[in-house]
Amino acid sequence: MRKVSIEIPETLYRRLEALAGRIGAGSVYELVVDLLREGVSRLEEDLDSGHELSEEEVSRIRERLRSLGYLD
Amino acid sequence: MVSRPHGGRLVRRVLPRDRLEDILRDSRGLHQLDVDDTIYRDLENIGYGVYSPLTGFLDSVELESVLLTMRLSNDLPWTIPIVLDIDEEARRSIGIGDTVLLRYGGQPVGLLMVEEVYRYDKRLYAEKVFKTTDPAHPGVARVMSMGDYLVGGSVEYIPMVRDGYEDYFLTPMETRVLFRERGWETVVAFQTRNVPHLGHEYVQKTALTFVDGLFINPVIGRKKRGDFRDEVILEAYKTLINRFYPRGSVVMSIVRYAMRYAGPREAIHHAVMRKNFGATHFIVGRDHAGVGNYYGRYEAQEIFSEFPDLGITPLFFREFFYCRGCGGMSNEKICPHDRDLRIYISGTRIRESLSRGVVPPGEMMRREVAETILSFENPFVE
(Lines give C-alpha, C1' and ligand atoms only; values in the text may rest on other atoms or scores of the structure.)
Protein backbone atom coordinates (compact mmCIF):
# COMPACT_ATOMS: atom_id res chain seq x y z
CA MET A 1 0.00 0.00 0.00
CA ARG A 2 1.18 3.50 -0.76
CA LYS A 3 0.69 6.20 1.82
CA VAL A 4 -0.42 9.59 0.46
CA SER A 5 -1.55 12.75 2.17
CA ILE A 6 -4.02 15.12 0.52
CA GLU A 7 -5.81 18.28 1.60
CA ILE A 8 -9.60 18.34 1.24
CA PRO A 9 -12.15 20.99 2.21
CA GLU A 10 -13.33 20.75 5.82
CA THR A 11 -16.98 20.59 4.70
CA LEU A 12 -16.23 17.60 2.45
CA TYR A 13 -14.44 15.79 5.27
CA ARG A 14 -17.43 16.28 7.56
CA ARG A 15 -19.75 14.87 4.89
CA LEU A 16 -17.48 11.86 4.41
CA GLU A 17 -17.42 11.26 8.14
CA ALA A 18 -21.23 11.39 8.39
CA LEU A 19 -21.66 9.22 5.30
CA ALA A 20 -19.20 6.60 6.54
CA GLY A 21 -21.33 6.20 9.67
CA ARG A 22 -24.59 5.98 7.74
CA ILE A 23 -23.51 3.36 5.21
CA GLY A 24 -21.49 1.28 7.64
CA ALA A 25 -18.06 1.97 6.14
CA GLY A 26 -15.40 1.14 8.74
CA SER A 27 -13.77 4.55 8.48
CA VAL A 28 -13.43 7.66 6.34
CA TYR A 29 -10.28 6.03 4.94
CA GLU A 30 -12.22 2.97 3.77
CA LEU A 31 -14.96 5.10 2.22
CA VAL A 32 -12.45 7.32 0.40
CA VAL A 33 -10.71 4.30 -1.13
CA ASP A 34 -14.08 2.91 -2.29
CA LEU A 35 -15.08 6.24 -3.81
CA LEU A 36 -11.72 6.63 -5.53
CA ARG A 37 -12.02 3.17 -7.08
CA GLU A 38 -15.49 4.03 -8.34
CA GLY A 39 -14.45 7.46 -9.61
CA VAL A 40 -11.32 6.21 -11.36
CA SER A 41 -13.33 3.49 -13.16
CA ARG A 42 -15.87 6.05 -14.33
CA LEU A 43 -13.17 8.39 -15.62
CA GLU A 44 -11.47 5.53 -17.45
CA GLU A 45 -14.78 4.59 -19.07
CA ASP A 46 -15.39 8.22 -20.07
CA LEU A 47 -11.97 8.40 -21.68
CA ASP A 48 -12.45 5.09 -23.51
CA SER A 49 -15.84 6.13 -24.85
CA GLY A 50 -14.45 9.54 -25.88
CA HIS A 51 -17.65 11.12 -24.52
CA GLU A 52 -16.48 14.70 -24.97
CA LEU A 53 -16.62 15.25 -28.71
CA SER A 54 -17.16 13.12 -31.78
CA GLU A 55 -14.66 13.22 -34.66
CA GLU A 56 -17.28 15.03 -36.74
CA GLU A 57 -17.68 17.72 -34.07
CA VAL A 58 -13.91 18.15 -33.79
CA SER A 59 -13.65 18.53 -37.60
CA ARG A 60 -16.38 21.16 -37.58
CA ILE A 61 -14.61 23.07 -34.80
CA ARG A 62 -11.24 22.84 -36.61
CA GLU A 63 -12.92 24.25 -39.72
CA ARG A 64 -14.31 27.23 -37.80
CA LEU A 65 -10.96 27.85 -36.08
CA ARG A 66 -9.24 27.86 -39.48
CA SER A 67 -11.80 30.20 -41.01
CA LEU A 68 -11.25 32.66 -38.13
CA GLY A 69 -7.47 32.46 -38.46
CA TYR A 70 -6.84 30.67 -35.15
CA LEU A 71 -5.37 27.66 -36.95
CA ASP A 72 -3.21 27.54 -40.09
CA MET B 1 -3.00 18.43 -20.85
CA VAL B 2 -5.51 21.30 -20.56
CA SER B 3 -7.62 21.61 -17.39
CA ARG B 4 -10.52 19.25 -16.78
CA PRO B 5 -13.81 21.12 -16.78
CA HIS B 6 -14.98 22.27 -13.35
CA GLY B 7 -16.95 19.39 -11.85
CA GLY B 8 -15.54 16.94 -14.41
CA ARG B 9 -17.74 17.44 -17.45
CA LEU B 10 -18.27 20.32 -19.85
CA VAL B 11 -21.91 21.37 -19.93
CA ARG B 12 -23.60 22.13 -23.23
CA ARG B 13 -27.14 23.49 -23.05
CA VAL B 14 -27.72 25.01 -26.48
CA LEU B 15 -31.08 24.39 -28.11
CA PRO B 16 -30.67 22.44 -31.38
CA ARG B 17 -31.82 24.34 -34.45
CA ASP B 18 -34.60 21.86 -35.33
CA ARG B 19 -36.14 22.21 -31.86
CA LEU B 20 -35.76 25.96 -32.01
CA GLU B 21 -38.12 26.19 -34.98
CA ASP B 22 -40.78 24.18 -33.11
CA ILE B 23 -40.39 26.34 -30.03
CA LEU B 24 -40.70 29.58 -31.95
CA ARG B 25 -43.79 28.28 -33.75
CA ASP B 26 -45.44 27.42 -30.43
CA SER B 27 -44.04 30.34 -28.43
CA ARG B 28 -47.45 31.97 -28.02
CA GLY B 29 -48.41 29.12 -25.71
CA LEU B 30 -45.36 29.61 -23.47
CA HIS B 31 -44.88 31.94 -20.53
CA GLN B 32 -42.49 34.68 -21.56
CA LEU B 33 -40.05 36.64 -19.45
CA ASP B 34 -37.79 39.54 -20.40
CA VAL B 35 -34.33 39.31 -18.85
CA ASP B 36 -31.67 41.96 -18.36
CA ASP B 37 -28.12 42.09 -19.66
CA THR B 38 -26.60 40.27 -16.67
CA ILE B 39 -29.01 37.34 -16.85
CA TYR B 40 -28.69 37.12 -20.62
CA ARG B 41 -24.88 36.89 -20.36
CA ASP B 42 -25.20 34.27 -17.62
CA LEU B 43 -27.62 32.29 -19.76
CA GLU B 44 -25.15 32.22 -22.64
CA ASN B 45 -22.34 31.19 -20.31
CA ILE B 46 -24.40 28.33 -18.90
CA GLY B 47 -25.33 27.27 -22.44
CA TYR B 48 -21.76 27.03 -23.70
CA GLY B 49 -20.37 25.49 -20.51
CA VAL B 50 -18.38 28.53 -19.35
CA TYR B 51 -20.16 28.01 -16.02
CA SER B 52 -19.82 24.20 -15.94
CA PRO B 53 -21.10 22.34 -13.98
CA LEU B 54 -24.13 24.66 -13.73
CA THR B 55 -26.99 23.64 -16.01
CA GLY B 56 -29.29 26.44 -14.94
CA PHE B 57 -30.04 29.13 -12.37
CA LEU B 58 -29.48 28.28 -8.70
CA ASP B 59 -32.28 26.93 -6.52
CA SER B 60 -32.57 27.93 -2.84
CA VAL B 61 -30.38 25.08 -1.54
CA GLU B 62 -27.54 25.91 -3.92
CA LEU B 63 -27.87 29.66 -3.32
CA GLU B 64 -27.59 29.18 0.44
CA SER B 65 -24.60 26.91 -0.03
CA VAL B 66 -22.84 29.41 -2.33
CA LEU B 67 -23.53 32.33 0.00
CA LEU B 68 -22.50 30.61 3.22
CA THR B 69 -19.72 28.23 2.13
CA MET B 70 -18.56 29.57 -1.28
CA ARG B 71 -19.23 26.07 -2.61
CA LEU B 72 -22.08 24.25 -4.32
CA SER B 73 -23.88 21.68 -2.19
CA ASN B 74 -21.57 18.97 -3.59
CA ASP B 75 -18.55 20.90 -2.21
CA LEU B 76 -17.33 22.17 -5.55
CA PRO B 77 -15.92 25.72 -5.27
CA TRP B 78 -18.48 28.29 -6.50
CA THR B 79 -18.45 31.83 -5.21
CA ILE B 80 -20.84 33.96 -7.28
CA PRO B 81 -24.61 33.28 -7.24
CA ILE B 82 -25.96 32.75 -10.75
CA VAL B 83 -29.60 33.64 -10.26
CA LEU B 84 -32.65 34.78 -12.16
CA ASP B 85 -34.87 37.28 -10.35
CA ILE B 86 -38.52 38.08 -10.97
CA ASP B 87 -41.00 40.51 -9.47
CA GLU B 88 -44.31 39.81 -7.75
CA GLU B 89 -46.33 40.07 -10.96
CA ALA B 90 -44.17 37.51 -12.79
CA ARG B 91 -44.26 35.23 -9.74
CA ARG B 92 -48.05 35.08 -9.93
CA SER B 93 -47.91 33.85 -13.52
CA ILE B 94 -45.09 31.28 -13.21
CA GLY B 95 -45.41 27.90 -11.52
CA ILE B 96 -43.21 24.89 -10.83
CA GLY B 97 -43.00 22.67 -13.90
CA ASP B 98 -43.62 25.52 -16.34
CA THR B 99 -41.38 26.13 -19.33
CA VAL B 100 -40.62 29.82 -19.75
CA LEU B 101 -39.34 31.47 -22.90
CA LEU B 102 -36.65 33.98 -21.92
CA ARG B 103 -36.33 37.08 -24.08
CA TYR B 104 -33.63 39.73 -24.35
CA GLY B 105 -34.09 42.88 -26.41
CA GLY B 106 -37.34 41.40 -27.73
CA GLN B 107 -35.66 38.25 -29.06
CA PRO B 108 -35.97 34.70 -27.69
CA VAL B 109 -32.72 33.72 -25.97
CA GLY B 110 -33.52 30.68 -23.85
CA LEU B 111 -35.88 28.23 -22.25
CA LEU B 112 -36.16 27.92 -18.48
CA MET B 113 -37.65 24.82 -16.89
CA VAL B 114 -39.01 26.14 -13.57
CA GLU B 115 -38.05 23.94 -10.62
CA GLU B 116 -38.47 26.41 -7.77
CA VAL B 117 -39.63 29.96 -7.13
CA TYR B 118 -38.41 31.36 -3.81
CA ARG B 119 -37.80 34.48 -1.74
CA TYR B 120 -34.29 35.42 -0.69
CA ASP B 121 -32.54 37.76 1.71
CA LYS B 122 -30.99 40.59 -0.31
CA ARG B 123 -29.03 41.93 2.64
CA LEU B 124 -27.43 38.55 3.34
CA TYR B 125 -26.70 38.17 -0.38
CA ALA B 126 -24.91 41.55 -0.46
CA GLU B 127 -23.02 41.01 2.79
CA LYS B 128 -21.71 37.61 1.74
CA VAL B 129 -20.87 38.31 -1.91
CA PHE B 130 -19.73 41.94 -1.74
CA LYS B 131 -18.71 42.16 1.94
CA THR B 132 -20.76 45.34 2.18
CA THR B 133 -24.35 46.53 2.03
CA ASP B 134 -23.33 50.02 0.91
CA PRO B 135 -25.76 50.95 -1.90
CA ALA B 136 -22.94 52.93 -3.57
CA HIS B 137 -21.29 49.60 -4.44
CA PRO B 138 -22.51 48.76 -7.99
CA GLY B 139 -23.01 45.07 -7.17
CA VAL B 140 -25.00 45.85 -4.03
CA ALA B 141 -27.06 48.41 -5.95
CA ARG B 142 -27.98 45.77 -8.51
CA VAL B 143 -28.97 43.18 -5.90
CA MET B 144 -31.12 45.73 -4.06
CA SER B 145 -32.89 46.60 -7.32
CA MET B 146 -33.57 42.97 -8.23
CA GLY B 147 -37.04 41.42 -8.00
CA ASP B 148 -38.04 39.89 -4.65
CA TYR B 149 -38.13 36.29 -5.96
CA LEU B 150 -35.64 33.99 -7.64
CA VAL B 151 -36.40 31.18 -10.06
CA GLY B 152 -34.31 28.01 -9.93
CA GLY B 153 -34.24 25.66 -12.88
CA SER B 154 -32.30 24.29 -15.82
CA VAL B 155 -32.03 26.25 -19.06
CA GLU B 156 -31.36 25.85 -22.73
CA TYR B 157 -29.68 28.73 -24.50
CA ILE B 158 -30.92 30.01 -27.88
CA PRO B 159 -28.11 31.77 -29.77
CA MET B 160 -30.16 34.40 -31.61
CA VAL B 161 -28.76 37.79 -30.62
CA ARG B 162 -25.87 39.14 -32.72
CA ASP B 163 -23.51 41.79 -31.35
CA GLY B 164 -20.94 41.95 -34.14
CA TYR B 165 -18.26 40.12 -32.14
CA GLU B 166 -19.11 36.57 -33.18
CA ASP B 167 -15.75 36.14 -34.95
CA TYR B 168 -13.93 36.95 -31.71
CA PHE B 169 -15.84 34.47 -29.58
CA LEU B 170 -14.79 30.88 -28.97
CA THR B 171 -16.72 28.44 -26.81
CA PRO B 172 -14.91 26.28 -24.22
CA MET B 173 -15.28 23.32 -26.57
CA GLU B 174 -13.55 25.29 -29.30
CA THR B 175 -10.72 26.60 -27.12
CA ARG B 176 -10.07 23.07 -25.85
CA VAL B 177 -9.71 21.80 -29.43
CA LEU B 178 -7.57 24.83 -30.32
CA PHE B 179 -5.19 24.39 -27.39
CA ARG B 180 -4.77 20.70 -28.23
CA GLU B 181 -4.15 21.48 -31.92
CA ARG B 182 -1.46 23.96 -30.93
CA GLY B 183 0.11 21.40 -28.63
CA TRP B 184 -0.35 23.57 -25.55
CA GLU B 185 -0.31 21.62 -22.30
CA THR B 186 -0.20 24.67 -20.06
CA VAL B 187 -2.21 27.80 -20.78
CA VAL B 188 -2.35 30.99 -18.74
CA ALA B 189 -5.52 33.10 -18.96
CA PHE B 190 -5.65 36.87 -18.58
CA GLN B 191 -8.90 38.79 -18.21
CA THR B 192 -9.05 42.40 -19.29
CA ARG B 193 -11.52 45.27 -19.51
CA ASN B 194 -9.01 47.77 -20.81
CA VAL B 195 -6.59 48.64 -23.59
CA PRO B 196 -3.15 47.13 -22.98
CA HIS B 197 -0.44 49.21 -21.34
CA LEU B 198 3.12 48.16 -20.52
CA GLY B 199 2.12 46.86 -17.08
CA HIS B 200 -0.33 44.40 -18.66
CA GLU B 201 2.23 43.34 -21.25
CA TYR B 202 4.90 42.58 -18.66
CA VAL B 203 2.52 40.60 -16.47
CA GLN B 204 1.42 38.55 -19.49
CA LYS B 205 4.95 38.00 -20.78
CA THR B 206 6.27 37.04 -17.37
CA ALA B 207 3.51 34.43 -17.09
CA LEU B 208 4.02 33.25 -20.67
CA THR B 209 7.68 32.56 -19.88
CA PHE B 210 6.58 29.57 -17.81
CA VAL B 211 3.70 28.12 -19.87
CA ASP B 212 2.98 27.11 -23.46
CA GLY B 213 0.32 29.65 -24.37
CA LEU B 214 -1.36 32.89 -23.35
CA PHE B 215 -5.16 33.17 -23.49
CA ILE B 216 -6.31 36.81 -23.45
CA ASN B 217 -9.98 37.41 -22.66
CA PRO B 218 -11.34 40.92 -23.17
CA VAL B 219 -14.69 41.19 -21.40
CA ILE B 220 -17.28 42.52 -23.81
CA GLY B 221 -20.47 44.07 -22.55
CA ARG B 222 -22.04 46.92 -20.68
CA LYS B 223 -19.60 49.76 -20.09
CA LYS B 224 -19.76 53.12 -18.41
CA ARG B 225 -19.19 56.55 -19.97
CA GLY B 226 -15.49 57.24 -20.55
CA ASP B 227 -14.48 53.56 -20.81
CA PHE B 228 -12.71 52.42 -23.96
CA ARG B 229 -15.12 51.02 -26.56
CA ASP B 230 -14.99 47.25 -27.08
CA GLU B 231 -13.71 47.47 -30.67
CA VAL B 232 -10.91 49.80 -29.57
CA ILE B 233 -9.75 47.29 -26.92
CA LEU B 234 -9.76 44.46 -29.48
CA GLU B 235 -7.84 46.44 -32.11
CA ALA B 236 -5.29 47.66 -29.55
CA TYR B 237 -4.68 44.07 -28.44
CA LYS B 238 -4.37 42.92 -32.06
CA THR B 239 -1.58 45.46 -32.60
CA LEU B 240 0.21 44.36 -29.45
CA ILE B 241 -0.09 40.65 -30.23
CA ASN B 242 0.88 40.93 -33.91
CA ARG B 243 3.88 43.16 -33.31
CA PHE B 244 5.23 42.24 -29.90
CA TYR B 245 4.34 38.63 -29.07
CA PRO B 246 5.88 35.46 -30.50
CA ARG B 247 3.74 34.10 -33.33
CA GLY B 248 1.49 31.24 -32.28
CA SER B 249 1.85 31.87 -28.55
CA VAL B 250 -1.34 33.86 -27.96
CA VAL B 251 -5.08 33.27 -28.41
CA MET B 252 -7.41 36.22 -27.95
CA SER B 253 -11.09 35.47 -27.50
CA ILE B 254 -13.78 37.60 -25.90
CA VAL B 255 -15.93 36.68 -22.92
CA ARG B 256 -19.44 38.07 -22.67
CA TYR B 257 -19.98 38.62 -19.00
CA ALA B 258 -21.46 41.22 -16.66
CA MET B 259 -18.96 42.20 -13.99
CA ARG B 260 -20.20 42.01 -10.39
CA TYR B 261 -17.26 43.90 -8.83
CA ALA B 262 -17.21 41.33 -6.01
CA GLY B 263 -13.40 41.45 -5.65
CA PRO B 264 -12.05 38.25 -4.02
CA ARG B 265 -15.12 36.09 -4.62
CA GLU B 266 -15.25 37.19 -8.24
CA ALA B 267 -11.56 36.40 -8.75
CA ILE B 268 -12.36 32.76 -7.91
CA HIS B 269 -15.31 32.85 -10.31
CA HIS B 270 -13.14 34.25 -13.10
CA ALA B 271 -10.61 31.47 -12.50
CA VAL B 272 -13.35 28.81 -12.72
CA MET B 273 -14.59 30.26 -16.01
CA ARG B 274 -11.06 30.07 -17.48
CA LYS B 275 -10.62 26.52 -16.17
CA ASN B 276 -13.67 25.59 -18.23
CA PHE B 277 -12.04 27.10 -21.33
CA GLY B 278 -9.12 24.75 -20.66
CA ALA B 279 -6.67 27.17 -19.03
CA THR B 280 -4.33 25.67 -16.44
CA HIS B 281 -3.22 29.00 -14.92
CA PHE B 282 -4.94 32.30 -14.23
CA ILE B 283 -3.38 35.72 -13.66
CA VAL B 284 -4.60 37.60 -10.60
CA GLY B 285 -3.33 41.13 -10.19
CA ARG B 286 -3.85 43.94 -7.74
CA ASP B 287 -7.48 44.55 -6.69
CA HIS B 288 -8.80 42.02 -9.20
CA ALA B 289 -12.53 42.60 -9.92
CA GLY B 290 -12.57 45.30 -7.28
CA VAL B 291 -14.22 48.70 -7.26
CA GLY B 292 -13.61 51.77 -5.08
CA ASN B 293 -11.95 50.90 -1.78
CA TYR B 294 -14.13 47.97 -0.76
CA TYR B 295 -11.37 45.33 -0.91
CA GLY B 296 -7.72 45.16 0.12
CA ARG B 297 -5.11 45.60 -2.63
CA TYR B 298 -4.25 41.89 -2.67
CA GLU B 299 -7.35 40.38 -1.05
CA ALA B 300 -8.35 38.78 -4.37
CA GLN B 301 -5.07 36.85 -4.28
CA GLU B 302 -5.31 35.81 -0.63
CA ILE B 303 -8.70 34.12 -1.04
CA PHE B 304 -7.17 31.43 -3.27
CA SER B 305 -5.61 29.81 -0.19
CA GLU B 306 -9.14 28.74 0.80
CA PHE B 307 -9.50 26.73 -2.42
CA PRO B 308 -6.70 24.17 -2.69
CA ASP B 309 -9.10 22.05 -4.77
CA LEU B 310 -9.87 24.72 -7.40
CA GLY B 311 -8.17 22.86 -10.25
CA ILE B 312 -6.50 25.90 -11.84
CA THR B 313 -3.29 27.51 -10.62
CA PRO B 314 -3.46 31.22 -9.82
CA LEU B 315 -0.43 33.35 -10.68
CA PHE B 316 -0.16 36.35 -8.40
CA PHE B 317 1.44 39.55 -9.59
CA ARG B 318 2.36 42.78 -7.92
CA GLU B 319 1.97 46.06 -9.75
CA PHE B 320 4.45 46.66 -12.59
CA PHE B 321 6.02 50.11 -13.14
CA TYR B 322 8.87 51.65 -15.10
CA CYS B 323 11.96 52.16 -12.93
CA ARG B 324 14.62 54.64 -14.00
CA GLY B 325 17.05 52.92 -11.60
CA CYS B 326 16.50 49.52 -13.20
CA GLY B 327 16.27 51.08 -16.67
CA GLY B 328 13.15 49.09 -17.52
CA MET B 329 9.88 47.58 -16.29
CA SER B 330 9.96 46.21 -12.77
CA ASN B 331 7.71 45.52 -9.79
CA GLU B 332 7.95 46.05 -6.05
CA LYS B 333 9.03 42.47 -5.45
CA ILE B 334 12.11 42.69 -7.63
CA CYS B 335 13.00 46.40 -7.71
CA PRO B 336 15.51 47.68 -5.09
CA HIS B 337 15.15 51.40 -5.94
CA ASP B 338 13.36 54.28 -4.25
CA ARG B 339 9.84 55.20 -5.19
CA ASP B 340 10.93 58.51 -6.71
CA LEU B 341 12.74 56.62 -9.47
CA ARG B 342 9.58 54.78 -10.42
CA ILE B 343 6.99 55.79 -12.97
CA TYR B 344 3.70 54.16 -12.00
CA ILE B 345 1.31 53.38 -14.82
CA SER B 346 -1.83 55.41 -14.42
CA GLY B 347 -4.96 54.44 -16.34
CA THR B 348 -6.36 57.91 -15.70
CA ARG B 349 -3.24 59.59 -17.11
CA ILE B 350 -3.25 57.33 -20.18
CA ARG B 351 -6.94 58.08 -20.77
CA GLU B 352 -6.42 61.85 -20.37
CA SER B 353 -3.52 61.82 -22.79
CA LEU B 354 -5.39 59.81 -25.42
CA SER B 355 -8.51 61.94 -25.07
CA ARG B 356 -6.34 64.96 -26.05
CA GLY B 357 -5.08 62.99 -29.07
CA VAL B 358 -1.61 62.68 -27.57
CA VAL B 359 0.45 59.47 -27.38
CA PRO B 360 1.08 58.66 -23.66
CA PRO B 361 4.67 58.42 -22.34
CA GLY B 362 6.61 55.42 -23.68
CA GLU B 363 7.11 54.15 -20.12
CA MET B 364 3.36 53.56 -19.90
CA MET B 365 2.12 52.51 -23.32
CA ARG B 366 3.68 51.42 -26.59
CA ARG B 367 3.44 54.05 -29.30
CA GLU B 368 2.05 51.49 -31.78
CA VAL B 369 -0.78 50.58 -29.40
CA ALA B 370 -1.53 54.25 -28.70
CA GLU B 371 -1.61 55.04 -32.43
CA THR B 372 -4.09 52.21 -33.01
CA ILE B 373 -6.33 53.69 -30.31
CA LEU B 374 -5.97 57.20 -31.74
CA SER B 375 -6.93 55.94 -35.21
CA PHE B 376 -10.51 55.78 -33.91
CA GLU B 377 -12.51 58.98 -34.20
CA ASN B 378 -13.76 58.51 -30.65
CA PRO B 379 -12.23 55.62 -28.69
CA PHE B 380 -14.42 56.22 -25.62
CA VAL B 381 -17.95 55.24 -24.69
CA GLU B 382 -20.20 58.33 -24.71
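Modeller: Domain bounds here come from an automatic or database domain assignment. This is a predicted model, in which local features need pLDDT of at least 70, side-chain atom pairs count only at pLDDT 80 or more, and totals for chains, interfaces and linings use all residues. Residues are numbered from 1 along each chain as its sequence is written, chains are lettered from A in the order in which they are written, and side-chain values use heavy atoms, with hydrogens and water left out.

Colleague: Which domains does chain B have?

Modeller: The assignment for chain B gives domain 1 (17-157) and domain 2 (166-258 + 318-374), and their centres, taken over C-alpha atoms, are separated by 32 Å.

Colleague: And how many residues does the contact take from each?

Modeller: Nine residues come from domain 1 of chain B and nine residues from domain 2 of chain B, where contact means heavy atoms within 4.5 Å.

Colleague: What area is buried between domain 1 and domain 2 of chain B?

Modeller: About 840 Å², with carbon and sulfur atoms giving 58% of that area; buried area is the accessible area (1.4 Å probe) that two parts lose on being put together, summed over both.

Colleague: Which residues of domain 1 lose the most area there?

Modeller: In domain 1 of chain B these are B:Arg41, B:Glu44 and B:Tyr48, together 49% of what that side buries.

Colleague: What does B:Glu44 form a salt bridge with?

Modeller: B:Glu44 pairs with B:Arg256, the closest N and O atoms being 2.9 Å apart, and a salt bridge is a side-chain nitrogen of Lys or Arg within 4 Å of a carboxyl oxygen of Asp or Glu.
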